[in-house]
Amino acid sequence: MLASVEASLRQLNTDYIDLLYVNVWDFRTPVEEILRGLDDLARQGKVLYVAISSAPAWQVSRMQAIADLRGWSPLVALETEYSLIERTAERDLIPMAREMGLGVVPFSPLGGGVLTGKYSREDQNQAGSVAGETATSRRSLNVALGWVTDRNLAIADAVKEVASELGRTPAQVALAWTLDAPGVTAPIIGARTIAQLEDNLGALQVDLTTSQLARLDEVSAIDLGNPHSLLASDHIRTVTTGDMKVEALG
């Protein structure tokens, strides 16, 4: 990590990096070693802030607690995949980030492009390979990766309907939904052309109505699983908070 930062500083011809992400958890390096290395870089002025990407929520929360107890540089951001077709971060990662003060920076907010409305059910029959990312096109790669499913296409259809109502593009609606999500700081966009960049930036002017948000949430909803579904149940709410009612007298 230290060597890669030094190499990046030379290649970028700069004295410091604004935000350094630890990317992809390896389950081998001790947490304390990672945190100490990050803190050393911050104290040397080579990195201003540190962050993490693609790691389990329990490891991130553990790191944040250790950094707080030892006075080391805390994590300030969490990069995770998040979109209308990939909402599993809502189970633990995003609630953890909000509780511990990390800004959420989602990648692939357009679901590999599926939410742009460019895919149809005919694309599900395309062949592709993910070995060495040798698929013949981005379209066939998305099929091979399992992005083009009936569920995801149904979500994309709902996005297109909302976009039509607002006079916006599907990409703008999908990005606006992500921007509106609690805890999200800013999504990472992957525009390849100026036209795509300009279109993506148009999401900042999209105002989704309560009804439209509800429709998008419903079609893309996921099962939060245990213990979240249990804790949100009426039974547990009654057990923990009771059903006592206070009535005014006289």
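Reader: Is Leu201 buried, exposed or partly exposed?
Author: Leu201 counts as partly exposed, because its relative accessibility is 43% (buried is under 20% relative accessible area, exposed is over 50%, and partly exposed is in between, with a 1.4 Å probe and protein chains only). This is a predicted model, so local features need pLDDT of at least 70 and side-chain atom pairs count only at pLDDT 80 or more, while totals for chains, interfaces and linings use all residues. Residues are numbered from 1 along each chain as its sequence is written, and side-chain values use heavy atoms, leaving out hydrogens and water.

Reader: Ok, where does Leu201 sit?
Author: Leu201 is in helix α8 (helices are DSSP runs of H or I with at least four residues, strands are E runs of at least two, and both are numbered from the N terminus).

Reader: Which residues make the nonpolar surface patch?
Author: Leu201 is one of them, along with Leu179, Ile189, Ile194, Leu197 and Leu204, and the patch is about 520 Å². Patch residues have over 30% relative accessible area and no salt bridge; like charges are joined within 9 Å, and nonpolar side chains (Val, Leu, Ile, Met, Phe, Trp, Tyr) within 5 Å. A salt bridge puts a side-chain nitrogen of Lys or Arg within 4 Å of a carboxyl oxygen of Asp or Glu. Areas come from the Shrake-Rupley method with a 1.4 Å probe, and for residues only the protein chains shown count as cover.

Reader: And which helix gives the largest share of that patch?
Author: Helix α8, residues 194-201, with three residues.

Reader: Switching to Ala176: buried or exposed?
Author: Ala176 is buried, since its relative accessible area is 6%. Ala176 belongs to helix α7, residues 170-180.

Reader: What does Ala176 contact, leaving aside neighbours within four places in sequence?
Author: Ala203, Val206 and Leu208 (contact means heavy atoms within 4.5 Å). The C-alpha atoms of Ala176 and Ala203 are 5.2 Å apart, though 27 residues separate the two along the chain.

Reader: What about Gln172, what does that touch?
Author: Not counting residues up to four places away in sequence, Gln172 touches Asp199, Gly202, Ala203 and Val206. Gln172 lies in helix α7 too, and with a relative accessible area of 7% it is buried.

Reader: New topic: how many aromatic pairs does the structure hold?
Author: One. Tyr82 and Trp177 form a tilted pair, 5.4 Å centre to centre with 40° between the planes. Rings of Phe, Tyr and Trp (its six-membered ring) pair if their centres lie within 6.5 Å; planes under 30 degrees apart are stacked, over 60 edge-to-face, and the rest tilted.

Reader: Where are Tyr82 and Trp177?
Author: Tyr82 is in the loop between β3 (75-81) and α4 (93-100), and Trp177 is in helix α7, so the pair links distant parts of the chain, 95 residues apart. Tyr82 is buried at 3% relative accessibility, and Trp177 is buried with a relative accessible area of 4%.
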